[in-house]
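Keep the side chains in view.

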Amino acid sequence: MEWVFAVVGVILGVVAGVLVARSMGAQSVKNTAAEAERLLNDAREKAEILQREKLIEAKDEITKLREKAEAENSARLDKTREQEKSLNARERSLDKRSDSLDSREHRLSSMQGQVEKRERDLEREQRALDDLKRDYEDRLDEAEERIGQINERLEQVSGMTADEAKEELLDNLRSEVAMESAAIIRESENRTKLEADKKSREILSLAIQRLASEYTTENTVHTVALPSDDLKGRIIGREGRNIRSFEQITGANLIIDDTPECVTISCFDPVRREIARITMENLIADGRIHPARIEEMFEKATKYVDKQVQEAGEQAGFETGIHDLHPELVTTLGKLRYRTSYGQNVLDHSREVAYLAGFMASELGLDPIPAKRAGLLHDIGKAVTHEVDGSHAVIGADLARRFGEKPEIVHAIEAHHNDIEPNSVLDVITQAADAISAARPGARKETLDAYIKRLEKLEEIANSYEGVDRTFAIQAGREVRVMVVPEIVDEAQTTVLAHDIAKRIESEMQYPGQVKVVVIRESRAIGIAK
């Protein structure tokens, strides 16, 4: 349309030029006519060019539309073909399913016939069984009648009733069973010892030989040396002000007696006792003793001991190769540095148990890392037994469980003193390593009262059995010798009695190492010549 407007404009210009030319002269008219003709030609050329461009654009547009329509038609054809393929596949699948259903129906019909036949066979067999049962009941009645007759004849011949004969038979069986059980126990014990003693001695000896530890014993009190007795008055303070402040701030008892040049610090909490000791030593070295200074020295000592606790826990983990303990477990483990059990340092004991458990696990072909972990953490509950009631094994298991230890490690900690029943090799290894570390000569010291009570308990258990005459606990309670009355206890019963006493000691007592039970039966025949 643009070129049409251009042509019309040109024509109007020409007309206007003609009109102007008429008013101007003939020459001007000629010039104007020539110019108009030139312009007209130019306009025609431009119009043709525009027309050709529009035609080209129209052809291109038509070509694009045709290509787009062809592409859409091709896509629709492809989609239609895919749908046809899908429908054909579904049709084939339906045909297969139909064939499968037909074959199943055929099999079911044949199976139904077999089931009906089997039911008929079962009914026939049931009838036969009923006939046999009736025949059996008839014969059983006849047999019982004959047995009754035979029993009457036996009673007449033997002169004993059936109950009397049964009682005598049971007595004979009891004595035979006792003898057989004693023989079985003796044989199994000998076989087990032959097979197990060699291997166990080898494993334990290797584990003990590979470990050499020193032991340090501590008490529940600390003695702090004084340069002179004059310091005692300054420690006490005016009207006991300093000693009251010291005890209130540290939580430890300060004992100042007639012992020259020393004071005693007593506290059940080993960490508090250590903090109080360091506080007192720093006060003595400083020389200025008053409540404010005591509090200042206590804070410094607390920071120092906390650092020592953390380093001790980290060092124990590093030495045993356990590097992924929870930070709270590391701190609690470090507190065992200041805890003793029967004079044995608990942190050193825990490290030793970890080494022993690792050695034994390696000898048995097991992974030593879990064994070391259980051995290192087995006594961790002792760090907080003064704060929480209960067995240190149960407390330690709760701590380990709370801080993400694996169930097998938790169970080994809780079972190492039989608070729960051991149910894995790891539990037994931890128990054995703990017993070895505690029972080594010089490892622990035991109070006299506990020692006497243990011996009395051993003798009490043995004396509770019938036929026991006297009992002697010897070798520091590691062996019990039981004297029996020979008229009451025979040779077969001695083995059973030793086994029963040992099992009861295991279930009722806690002791380091093992206790050997020896039952002695002695018969003496005395003759006097006159």
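At 45% relative accessibility, Arg401 is partly exposed. The cut-offs are these: buried is under 20% relative accessible area, exposed is over 50%, and partly exposed lies in between (1.4 Å probe, protein chains only). Asp398 is partly exposed too, at 35%. Arg401 and Asp398 form a salt bridge, 2.9 Å from N to O. Here a salt bridge is a side-chain nitrogen of Lys or Arg within 4 Å of a carboxyl oxygen of Asp or Glu. Both residues sit in helix α11 (residues 392-402), 3 residues apart, so about one helical turn separates them. Helices are DSSP runs of H or I, at least four residues long, and strands are runs of E, at least two; both are numbered from the N terminus.

This is a predicted model: local features need pLDDT of at least 70, side-chain atom pairs count only at pLDDT 80 or more, and totals for chains, interfaces and linings use all residues. Residues are numbered from 1 along each chain as its sequence is written, and side-chain values use heavy atoms, without hydrogens and water.

Now move to helix α2 (residues 26-158), where Asp78 and Arg81 lie 3 residues apart. Their closest N and O atoms are 2.9 Å apart, in a salt bridge. Asp78 is partly exposed at 37%, and Arg81 at 45%.

In helix α6 (residues 270-286), Arg277 and Glu274 are also 3 residues apart. Their salt bridge has its closest N and O atoms at 2.5 Å. Glu274 is buried, at 9%. The structure has 24 salt bridges by this rule.

Cys262 is buried at 10%, and Cys267 is buried at 10%. How many disulfides does a search of the whole structure find? The count is 0, taking a disulfide as a pair of cysteine sulfur atoms within 2.5 Å.
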